[in-house]
Amino acid sequence: MESILRSFRNFRLWPVWQGIIVFILCTSCGGEENALKKETFYFNEYHAGWITLDSIGDSYVMTDNNGISQSFTMTGNSYYLNKSWSSFLGVNTIMTYTEYQYQFYTSSFGISHSISLTAGRPPFGDDLYVTLNGVGFAYDFDFAIVSRLDTPFGYKSMRMTDKGYEVPDEIHSRVEILDSLVTPFARYDEVLHFTFNDFNDSWTDKTVTEIYLAREEGLVKYILAGGIYGERKR
Amino acid sequence: MEKIGKYLLGIGMWAVLTACPPRCDLITLDFGELSGEVLEMVPYIHGASYGFRHSAGQEVYFLVDRQNSVITDFWEECTQVTYGTDHTIMMPDYPLFDMGFWIYKVDSIHVMHQATIGTSTFILPLTQAYDPGFGKLLDSVKVSGKWFRDVYRVIPLNSAYQTQGEILADTLWFNTDFGILKFTMTGGEYFEILP
C-alpha cells in the first residue's frame, strides 16, 4: 500500500495512473458492451438457405401413402445474434455475437417440427438442428457429419475440441445432400436427407427414421419405421 | 432505548396483523357423481377398440382408455367444489391424432359432454339443460351405407381461430348408441365408422 502511495506521489508515474483510471472507466461503465475485442459469426450464405421462407401462420400439407393428410403450421420464428462473452478480472475481454434462427411448426396431428441454424465458430461449421416428432439431429456443414442426436430413446453427442470433433459415442445416423427429390406432387432441387440409424432396438412403427428438407421450403418428406411415409402436397 | 422498544413493538404488531389474513368461511359445494344415464351417452368401453375408415380407404382402430372419478377443486379462495368427471382417450393404431371425451358436472344439475378430435373441440348438446348452440339434432343420417337415428351434427368451438390451410376436424356426427359416426376434415377428407 505504501509503495502504491509512493508511486502516486511520483509525478513521472502519473501518466500510468491516468491510463489505469481511463481503462477502468472504459471497461466498467459500459457494462458488457465494452469488451476489448468483439467478434461476430454469421451464417454462410449457402447454409442460410436451409432455413425456410415461411412466416408465422403459414401452413403446408403432408399427405401419407394412404392418402391421409395433416397440416403443419408455423407457430414460432425467431432470429437474433446470440451474445456471449469472456472476462478476466472483471474486464470483458472478448464479446462474441453468433447469428441464430429458430423456426417451429405444429401439425394437426399434434406433431412438433423445428429447424434451427447457428452460425459456426471455427473450426466448426454452421450447425443445423432439425426435430420431427421427438427425433432431433444436428448437422455440421463443414465437417459434413451428424454431430448430435436427441431422441426419445437416448442422446448422443460428439465432443467438440479446438481441433474438431472427437467421438466418445459413435453416431451411425447420416446426412447426405441429394441433387434432387421427386415426389408425386413436386420436384425439389437440393434436398438434405437425414437417415436415423441409432437406438434401432427401441423404435416403434411410428418412429421417424428419415427426414427430407428442401432448401428454403423445409420439410418435404418423412418416413416412419413402420413404412408409412408422408410427402408435401403443393 | 425506550424509543427502540416502541419501534420493535410497532413492527411486531404489524407482523401479527399482516401474517394472518382474515379467514373466509369455506363454502363447500357437492355437485355429486355422474349418473349412469349420463355416462352411457358416450358409449365407449375401457379397453375396447373402435374402427373407422378414412375416405381414401385406410382403416384405423382406436383403443379406449376410460377413467371415471370424483374430484375436489377450489373455485377462487373460499369455495371448494366436488364433482363427478369422466375422461375417455382414444389412441389410434396408426400415425394420426388422438380423440377423446370429457364429461363433467358444471353444477348440481347441468352436465357438459365435450369431444376432441385432434385439436378440434366439440360441445355435444346431449342434455337438454346445456346447449351452447354449436350442434343440431337430426332425425336420421346415412353413414357407411347404414341409417342411424337421432344424430347430433356439431361444429367445433375453435373453428374461428383456424388459420388458412390448416387441416382440422370441422364437423362431427354423433349419436348416443354408437358414438362418433363420422367426422369431416377441412381439406375434404373424412372418417366414417366401420359398418
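Contact means heavy atoms within 4.5 Å. The model is predicted, so local features need pLDDT of at least 70 and side-chain atom pairs count only at pLDDT 80 or more, whereas totals for chains, interfaces and linings use all residues. Residues are numbered from 1 along each chain as its sequence is written, chains are lettered from A and ligands numbered from 1 in the order in which they are written, and side-chain values use heavy atoms, with hydrogens and water left out.

**Exercise 1.** Describe the interface of chain B and chain A.

Solution. Step 1: 15 residues of chain A are in contact with 18 residues of chain B.

Step 1: the two chains bury about 1400 Å² between them, with 59% of it on carbon and sulfur atoms. Buried area is the accessible area (1.4 Å probe) that two parts lose on being put together, summed over both. On the side of chain B, the residues that lose the most area to chain A are B:Tyr94, B:Pro95 and B:Ile167, together 39% of what that side buries.

Step 2: the side of chain B that touches chain A comprises 9 nonpolar, 6 polar and 3 charged residues. Here Ala, Val, Leu, Ile, Met, Phe, Trp, Tyr, Cys and Pro count as nonpolar, Asp, Glu, Lys and Arg as charged, and the others, Gly among them, as polar.

**Exercise 2.** Which residues are closest to the centre of the largest pocket, and which strand gives the most to its lining?

Solution. Step 1: on a 1 Å grid over the protein atoms alone, a pocket is an open set of points with protein on both sides within 12 Å along at least five of seven lines, a cavity is a set where a 1.4 Å probe fits but cannot get out, and lining residues have an atom within 4 Å of a point. Grid points are joined across faces, edges and corners, and a volume is the space filled by probe spheres set on the points.

Step 1: the volume of the largest pocket is about 250 Å³. Of its 18 lining residues, A:Phe109, A:Ile111, A:Asn133, B:Pro95 and B:Leu96 are the closest to the centre.

Step 2: E3(A) gives the most, with 3 residues. Strands are DSSP runs (E, at least two residues), numbered from the N terminus.

Step 3: by class, the lining holds 12 nonpolar, 4 polar and 2 charged residues.

**Exercise 3.** Characterise the second largest cavity.

Solution. Step 1: its volume is about 30 Å³. Step 2: the lining includes A:Ser108, B:Phe97 and B:Ile167. Step 3: the lining has 6 nonpolar, 4 polar and no charged residues.

**Exercise 4.** Where is A:Asn133 found, and which residues does a cis peptide bond join?

Solution. Step 1: A:Asn133 is in the loop between E6 and strand E7 (135–140) of chain A, and its phi is near 50°, a positive value in a residue other than glycine. Step 2: the cis bond joins A:Pro122 and A:Pro123, with omega about 15°. A:Pro123 lies in the loop between strand E5 (112–118) and E6 of chain A.

Conventions. Helix = DSSP H or I, 4+ residues; strand = E, 2+ residues; numbered from the N terminus.
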